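Please look over the sequence and the structure shown here before reading the report that follows.

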Amino acid sequence: MTSSTASFDPRVLKAPHPVPGAPDNWKRFFSFNTDAKVIGIQYIATSLFFLLVGGVLAMIMRGELITPPSDLVDPTVYNGLYTMHGTVMLFLFLFPILNGFNNLLIPPMIGAPDMAFPRLNAAAFWLVPLFGVILMASFFVPGGPASTGWWSYPPASLQNPVGHLINGESLWILAVALSGISSIMGAVNFTTTILRMRAPGMGFFRMPIFCWTAAAAQTIQLVGLPALTGGAIMLLFDLCLGTTFFRPEGGGDPVLYQHFFWFYSHPAVYVMVLPVFGIFSEIFPVYARKPLFGYPVVAIASFAITGLSLIVWVHHMFYSGTPMWMRNLFMYTTMLIAVPTGIKVFAWLGTLWRGRLRLTTPMLFCLGGVFNFIFAGITGIMLATVPVDIHVGNTYFVVGHFHYVIFSTITFGVFAGIYHWFPKFTGRMPYEGLGLLHFWLTFIGSTLNFLPMHWAGLMGMPRRVASYDPEFAFANVLASLGAFLLGVATIPFLLNMVSSWSRGRRAPANPWQAIGLEWLLPSPPPAENFEENVPTVISGPYGYGLGRPLVEHEESFIARAAQPAASPTSDPA
């Protein structure tokens with residue numbers, strides 16, 4: 001397989017960071033800093049805070065659903081809770097935390113000093129806490145937060161009187177629009193960096209799979225996100241200014257909004273899951289001590305998923321008056337995605353086959369994530385089928401499937417990535433015992449939480465309800481106990497992160513004996529990674545067991561990374 005060679009001139013691409021006058025201690029994480037590594041940690045810390053917020057909202061909902069009648073919160077409040085839970089988890093946890101991984105991993109993985117546009121990068125991050133505050137402020141406005149779900153379909157979302165500029169729905173739409181702008185800014189930055197700032201010798205087929213998946217995901221952002229952002233702005237105009245883009249009484253078409261929304265929001269699942277596929281593909285070879293099976297095909301499959309994901313959105317609208325020919329067309333395109341995703345699963349299994357497996361915390365989270373993804377893929381094919389989807393489309397079966405993708409696959413991959421690269425970017429080793437406890441509590445809790453939802457859905461329990469028929473009680477008791485166990489599982493995770501970073505054993509440059517440019521750097525890496533002496537890549541990134549160097553003069557980079565840091569990181573920041 002041939003590979004193209006990137007043009008690279010570190011003198012031209014040297015990043016202008018940090019911002020003059022920016023602090024060089026723990027305060028930098030609270031400042032407008034242009035260092036991608038600082039921004040990456042800012043993203044991840046902010047996302048984990050909102051994971052706790054979204055988790056608390058979920059546990060209140062599961063507390064309500066542990067008994068059939070609505071006896072804990074008012075049904076209107078419940079509607080606001082599930083709307084905000086979905087919005088927080090997607091727009092304030094998953095998207096930002098994956099942008100955090102992009103910031104931390106892409107520059108060192110390709111040998112770049114920083115992102116292509118450092119100031120744009122920092123501006124994109126600071127929009128996240130801004131729209132987070134706007135979204136949380138909706139709890140305190142008259143009428144409470146938005147209550148029409150994270151999809152905000154009109155005409156239900158247009159019930160507020162025209163002229164009331166400040167209400168839960170308008171704040172929700174404003175937050176989503178700002179999230180879209182932030183993500184577009186990030187997508188421009190990530191794709192430019194990957195295309196233009198690779199180290200000498202790093203052609204596309206010497207590039208780590210994580211960078212392939214990041215580029216594929218950001219391509220979806222660039223193509224699909226303007227549709228959602230534009231639809232959100234038009235919805236805001238309808239709500240606050242009296243326009244009639246989606247108002248049926250004024251000649252508008254509410255189904256048009258569904259097209260805007262799902263054209264992006266179904267591919268958005270792949271924006272989140274593709275980088276996690278990249279994390280799986282990076283971690284399996286390390287802990288199996290084998291090259292990634294079928295590396296070029298796995299790389300190409302990432303962009304096959306991107307292309308197919310942009311022509312499947314109507315499968316969310318099978319019961320929205322969609323004509324039969326369109327239902328059939330989108331049923332087949334949706335099913336086609338099983339081909340490139342199946343290729344990835346096959347490649348992971350081929351990598352693990354007869355490997356020398358090390359069942360560390362990141363490896364267990366990867367294995368658990370792939371196991372859950374296979375189950376989610378099977379139920380996804382069921383939902384792609386028109387008759388099945390029409391039968392269970394508004395039941396808890398969809399809720400269970402969705403959470404198997406969003407939490408049991410994507411969030412598992414996020415945890416795997418945090419544990420795997422934690423030593424590299426903090427300079428400290430995580431505590432393995434707490435990590436294993438975190439994994440098992442999470443795996444058991446998520447299974448107990450989301451698996452019974454499929455059962456309840458097949459029996460006919462509708463979603464988005466605060467009360468239900470007593471025949472669904474047992475499944476809901478199990479699901480609620482699982483949710484509470486997931487809440488408990490966050491305790492060893494947070495304890496591990498805080499105590500390891502402040503008191504953990506100092507990390508060597510390459511604690512897992514991994515292959516990759518980032519592992520040739522000290523832990524934590526210096527400000528501009530390789531700075532002036534960027535290595536020339538001479539082989540692919542997964543040469544486990546092949547005994548070949550990754551870069552020219554690799555021994556000199558290893559020796560340099562093994563030297564003790566000039567100023568030990570007694571300050572955990």
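## Salt bridges

Glu249 is exposed, at 63% relative accessible area, where buried means under 20% relative accessible area, exposed means over 50% and partly exposed lies in between, with a 1.4 Å probe and protein chains only. Its partner in a salt bridge is Arg247, with 3.2 Å between the closest N and O atoms, a salt bridge being a side-chain nitrogen of Lys or Arg within 4 Å of a carboxyl oxygen of Asp or Glu.

## Basis of the model

This is a predicted model, in which local features need pLDDT of at least 70 and side-chain atom pairs count only at pLDDT 80 or more, while totals for chains, interfaces and linings use all residues. Residues are numbered from 1 along each chain as its sequence is written, and side-chain values use heavy atoms, with hydrogens and water left out.

## Cysteines

A disulfide is a covalent bond between the sulfur atoms of two cysteines. With a disulfide taken as a pair of cysteine sulfur atoms within 2.5 Å, the count is zero. For Cys211, the closest cysteine sulfur belongs to Cys366 and lies 17 Å away, so the two are too far apart for a bond. Cys211 is buried, at 0% relative accessibility, and Cys240 is buried as well, with a relative accessible area of 9%.

## A nonpolar surface patch

Leu165, Ile166, Ile233, Phe237, Leu241 and Phe245 make up a nonpolar patch on the surface, and together they have about 570 Å² of accessible area. Accessible areas come from the Shrake-Rupley method with a 1.4 Å probe, and for residues only the protein chains shown count as cover. Patches consist of residues with over 30% relative accessible area and no salt bridge, with like charges joined within 9 Å and nonpolar side chains (Val, Leu, Ile, Met, Phe, Trp, Tyr) within 5 Å.

Leu241 is exposed because its relative accessibility is 56%.

Val271 sits in helix α8 (residues 267–288) and is buried, at 5% relative accessibility. Apart from neighbours within four places in sequence, Val271 contacts Phe95, Leu98, Ala217, Ile220 and Gln221, contact meaning heavy atoms within 4.5 Å. Thr306 is 35 residues from Val271 along the chain, and their C-alpha atoms are 8.6 Å apart.

His266 is placed in the loop between α7 (254–265) and α8, and with 10% relative accessibility it counts as buried. Leaving out residues up to four places away in sequence, His266 touches Ser309, Val312, Trp313, His315 and His316.

## Helix α11

Helix α11 (residues 338–352) has 15 residues, which at 1.5 Å a residue should span 21 Å, and the end C-alpha atoms are 21 Å apart, in agreement; the expected span is 1.5 Å times one less than the number of residues. Among the buried residues of α11 are Pro340, Lys344, Trp348 and Leu352, and the cover over its buried residues includes α6, α8, α9 (295–309), α10 (324–336) and α12 (361–384). Just after α11, Arg354 adopts a positive phi of about 60°.

Key:
Helices (H or I, at least four residues) and strands (E, at least two) are DSSP runs, numbered from the N terminus.
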